[in-house]
Amino acid sequence: MAYAATARGRSKLPDAERVRTAAVRVGLFLAVLAGLSGLWEGFRAFAEATGLRLGLFEANDRTMPHIHDIVGQLFEPSRRNGPLLIDVLWDAALFTAKEAAVGLVLGALFGFALGVLLAHSGLLQRGLLPYVVASQTVPILAVAPMVVVWGNPRLPPGLRDWGAVAVISAYLTFFPVTINTLRGLTSVDPRTIDLMRSYAASWWSVLWKLRVPAALPFIFAALKIAAPASVVGAIIGELPASIQSGLGGAILNFNQYYITSPPSLWATNLIAALLGITFFLTVVAAERVLVRRAPEHFA
Amino acid sequence: MSGSAVVSLSNVTKAFGGGVTALQSIDLEVQPGEFVSLIGPSGCGKSTLLRIVGDLVEPTSGDVVVNGKSARQARLDREYGIVFQDSVLYDWRTVSKNIGLPLELLGWDRSKRADRVREMLELVELQGFGDHRPWQLSGGMQQRVSIARALSFSPALLLMDEPFGALDEMTRERLNAEVLRIWARSRSTVLFVTHSIPEAVFLSTRVVVMSRRPGRIAAIVDVDLAQPRGADTREDARFFELVTEVRDRLREGGLDADRTAPGEGELVVGGETP
């Protein structure tokens with residue numbers, strides 16, 4: 001009886017605790033958001049009042065639109081008699097999200113497979129790793145047009161354009177996954193390897209029952225970097241592909257009209273940032289579900 | 001004779017790089033059902049010897065025969081259950097799934113596995129903890145899980161490398177009694193590395209006393225204490241005699257614990273002498 005009571009009590013407590021920590025977290029987020037907005041508006045008011053200039057920079061509606069103007073712009077028509085800006089950006093964000101999500105999955109799978117390969121063979125590691133690193137020193141802006149020009153004609157019609165962008169996004173995301181997979185797979189406790197050896201476990205069993213589960217926290221740390229990067233990769237990839245339907249197209253478009261409507265570009269940036277955050281949080285949620293490790297393995 | 005032995009070592013030598021001889025000319029036979037302890041100071045090669053038997057380390061020369069075959073073949077045939085000083089549990093698996101890991105690797109089906117895991121939890125008295133995570137258990141309980149995992153597939157030989165070295169004295173004594181109970185029930189053969197004299201005497205049918213530089217067998221002490229052993233055994237006059245004898249044999253090998261440098265003083269020389 002006493003045991004049951006404790007068990008119930010114990011299962012109840014974390015729930016209340018969880019609600020409390022969630023509330024604290026949301027409160028903190030809002031406080032920081034308010035603080036940052038305050039800094040933005042405060043700086044602008046200060047600079048305007050004192051006539052402060054930083055080189056050529058001068059705070060005004062063009063360089064620093066009011067926060068309420070940026071948010072308000074979302075609910076203005078995007079062009080005369082056109083749909084609201086937020087509707088346009090929502091569709092653009094969905095389009096870019098598709099490219100980025102496919103890119104992230106492709107990049108993660110390729111990055112993981114490459115990490116396994118490099119972890120398996122020291123020779124391959126020494127031979128290939130410099131080129132893997134070199135691949136990341138080439139600016140994505142130089143790679144993107146090549147992927148589009150070379151890849152697009154070879155893609156089936158359903159994948160054309162956005163498929164090439166997904167590949168560019170994958171190019172930007174695989175690297176951290178490879179490095180951390182390699183690190184995670186090779187950093188297992190040698191005694192756990194001895195244990196598997198004593199059971200005469202196959203290479204395959206050691207990989208899936210020991211190395212990969214042990215490497216998961218490392219891999220998720222990499223995915224947290226890769227997820228927002230996949231959004232950046234998709235946006236940048238849209239530019240040379242001349243894709244108009246995504247956020248990259250929107251940024252390019254509103255860039256051209258910046259003189260007449262600065263808040264539109266800022267609003268687009270806001271949506272792009274929100275998309276990146278959404279990707280990040282999705283990875284965090286997946287980590288919560290998939291990684292079942294002792295508490296010290298969570299950052 | 002060696003035809004029936006579980007472990008038969010002849011002239012086993014292990015040299016590491018840099019001319020360090022870890023083990024020299026080791027001859028040892030372990031018969032079925034025996035509980036043999038290897039005791040000695042750090043650096044005597046007792047753990048290395050255990051790892052050579054388990055085919056985790058290759059000897060430089062000499063023969064290792066386990067159940068009539070090479071150590072490697074015995075490993076491939078899953079003849080070994082190993083327990084390390086740390087429990088080496090996988091923290092992403094529940095207690096039950098840790099115990100069932102070797103069974104998974106042996107390709108047992110789910111229901112057969114579940115039955116055996118239940119038996120094992122009962123054997124080490126951890127019923128009700130199957131769904132816990134390893135980190136939710138105390139060190140002693142974790143080590144019991146590790147023992148259950150080692151015994152789950154009924155290996156011919158249980159290799160234990162200072163399994164209770166990291167535990168407090170109270171837990172260690174309780175687990176000693178538990179290991180004897182499990183040993184009697186499972187009728188397994190055990191090779192046990194320890195640096196505690198009372199533990200070696202309490203558990204073993206034979207104590208192999210080793211000396212270092214190079215690691216050799218200095219003496220073998222037969223432990224003729226009655227079975228089953230329990231709390232009373234530790235009060236037995238014969239128990240103290242045997243503890244003294246093992247200690248004397250260690251001294252003869254130049255291994256007086258009093259002369260062990262601080263920091264190396266891992267040798268527990270019977271604090272319980274009368």
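The model is predicted.

**Chain A**

Chain A is divided into two parts: domain 1 covers residues 2–58 and domain 2 covers residues 85–297. Taken over C-alpha atoms, the centres of these domains of chain A are separated by 28 Å.

Two packed helices are described by the angle between their axes and the distance between the axes. For helix 3 (residues 85–120) and helix 6 (residues 162–186) of chain A, the angle is about 35° and the axes are 5 Å apart. The crossing of helix 3 and helix 6 of chain A is right-handed. The contact of these two helices of chain A has 20 nonpolar, nine polar and two charged residues.

**Helix 3 of chain B**

Helix 3 of chain B, residues 95–105, is mostly covered, with eight of its 11 residues buried. Among the buried residues are Val95(B), Ile99(B), Leu101(B) and Leu103(B). Their cover includes helix 4 (110–123) and helix 5 (139–151) of chain B. Just after helix 3 of chain B, Gly107(B) has a positive phi of about 80°.

**Contact between the chains**

Between the chains, 14 residues of chain A are in contact with 16 residues of chain B. On the side of chain A that touches chain B, helix 7 (190–198) and helix 8 (203–238) of chain A are the elements that give two or more residues. Helix 7 of chain A gives the most, with six residues. The table divides the residues of this side of chain A by class.

| Class, side of chain A touching chain B | Number |
|---|---|
| Nonpolar | six residues |
| Polar | three residues |

Key:
Residues numbered from 1 in each chain as written. Chains lettered and ligands numbered in written order. Predicted model: local features only at pLDDT ≥ 70, side-chain atom pairs only at ≥ 80, totals over all residues. Domains from an automatic or database assignment. Axes fitted to C-alpha atoms, helices over the stretch in contact; angles between N-to-C directions. Helix = DSSP H or I, 4+ residues; strand = E, 2+ residues; numbered from the N terminus. Left-handed = near helix turned anticlockwise from the far one by under 90°. Nonpolar A, V, L, I, M, F, W, Y, C, P; charged D, E, K, R; others polar. Buried ≥ 20, exposed ≤ 12 C-beta atoms within 10 Å, placed from the backbone. Contact = placed C-beta atoms within 7 Å.
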